[in-house]
Amino acid sequence: MNTDTGAYAGTADEAVPGRLSIRPQALQAVVAAIAADSTGVPVRWVTARLADRGGALQATVTLPANIGTDGGPGPTLLSQAETLQREVIEQTARLTARTVRGVDVRLAGVFRPESRRIA
Amino acid sequence: MTEQQMVYRRILRRETHSSRAGAAIVVAVILILLCLAVGAGVVWLAIDPGLRDAMHSWSSGLAGDGFAPPPLLAGGAIVAILGLWLVLLALLPGRRARQGRIAGRVALLADDEVTANAIADRVARRLGVDRGQVRVTVARRAAAVQITPVSGVPVDQQAAARAVDEVADGLGLSLVPRITVADHGVLA
């Protein structure tokens, strides 16, 4: 950030050709996609809400818990949620250059990857 | 050259301060009417000796009880308010929301709103926020900039202050930037 503004300082505004703005819906879709990638839950099962908290973003991600296949013991829900929070913060910063200060995770239901095949 | 500069200074002074001509005309008209009334009264006194007695009895009737009649009180209040207004007009500088400067062969007059718009444009572009998220108020010596940040994007206040300085320098005005950033941003 500082290097950027330092670069602007010498030259005029021509150094900045335009402005990037992201609609809230798009931001929320990005966050939902990140959460889906992180947990392996299909993105259509994931909803993400964004709000402003003290100038930073506060994300609320609602998705089913991925309890994995019947076989091996997967990661606990708590560690899944922690990974999800970290991923959302890191990937949102990387993709959109926006700081997410907090991620609330709401587990609503259960997702089993192979459940479709069984049914 | 110096004569031109003097003319420019007068023009700028006239454009940046509000005119007192209207008040001066009102005062002059009132004074003329008063002089006419006094003159007419003197002539009337000379012609009609009974007038002196009539006026005397009228004024002693007024002094009888403590309070003057309401019409006189109202008239006095109006005159007092008018007098206060004139005193304020005389003492206050009467600056308009414009600033001027002389640069070489040109005199420049900039409306404060125009200056504020230019500053807001520059600040918004520099910070990469929407133009509507920057509000600027320009006073005589300061420019107050209120920025609503984009949620999750920190505001570089120094960059904003530098943008204000650039615009002010470009116009040849010296404005102290006062940057305030809103506590809550907008999703954008």
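B:Arg13 is partly exposed, with a relative accessible area of 48%. On this scale, buried means under 20%, exposed means over 50%, and partly exposed is in between, using a 1.4 Å probe and protein chains only. B:Arg13 sits in helix 1 of chain B, residues 2-16. Helices here are DSSP runs of H or I with at least four residues, strands are runs of E with at least two, and both are numbered from the N terminus.

A word on the source. This is a predicted model, where local features need pLDDT of at least 70, side-chain atom pairs count only at pLDDT 80 or more, and totals for chains, interfaces and linings use all residues. Residues are numbered from 1 along each chain as its sequence is written, chains are lettered from A and ligands numbered from 1 in the order in which they are written, and side-chain values use heavy atoms, without hydrogens or water.

Now the salt bridges. The cut-off is a side-chain nitrogen of Lys or Arg within 4 Å of a carboxyl oxygen of Asp or Glu. The whole structure has 5 of them over all chains.

Take B:Glu15 first. B:Glu15 bridges to B:Arg98, with the closest N and O atoms 2.8 Å apart. B:Glu15 is in helix 1 of chain B and B:Arg98 is in strand 1, residues 98-103, so the pair ties together parts 83 residues apart in sequence. B:Glu15 is partly exposed at 31%. B:Arg98 is partly exposed too, at 25%.

B:Arg98 has another partner. B:Asp111 forms a salt bridge with B:Arg98, closest N and O atoms 3.4 Å apart. B:Asp111 lies in strand 2 of chain B, residues 106-111, and the two residues are 13 apart. B:Asp111 is partly exposed at 32%.

Next, B:Glu166 and B:Arg126. Their closest N and O atoms are 3.1 Å apart in a salt bridge. This pair links helix 6, residues 157-171, to helix 5, residues 112-127, across 40 residues of chain B. B:Arg126 is buried at 6%.

Last point. Shared partners join B:Glu15, B:Arg98 and B:Asp111 into one salt-bridge network.
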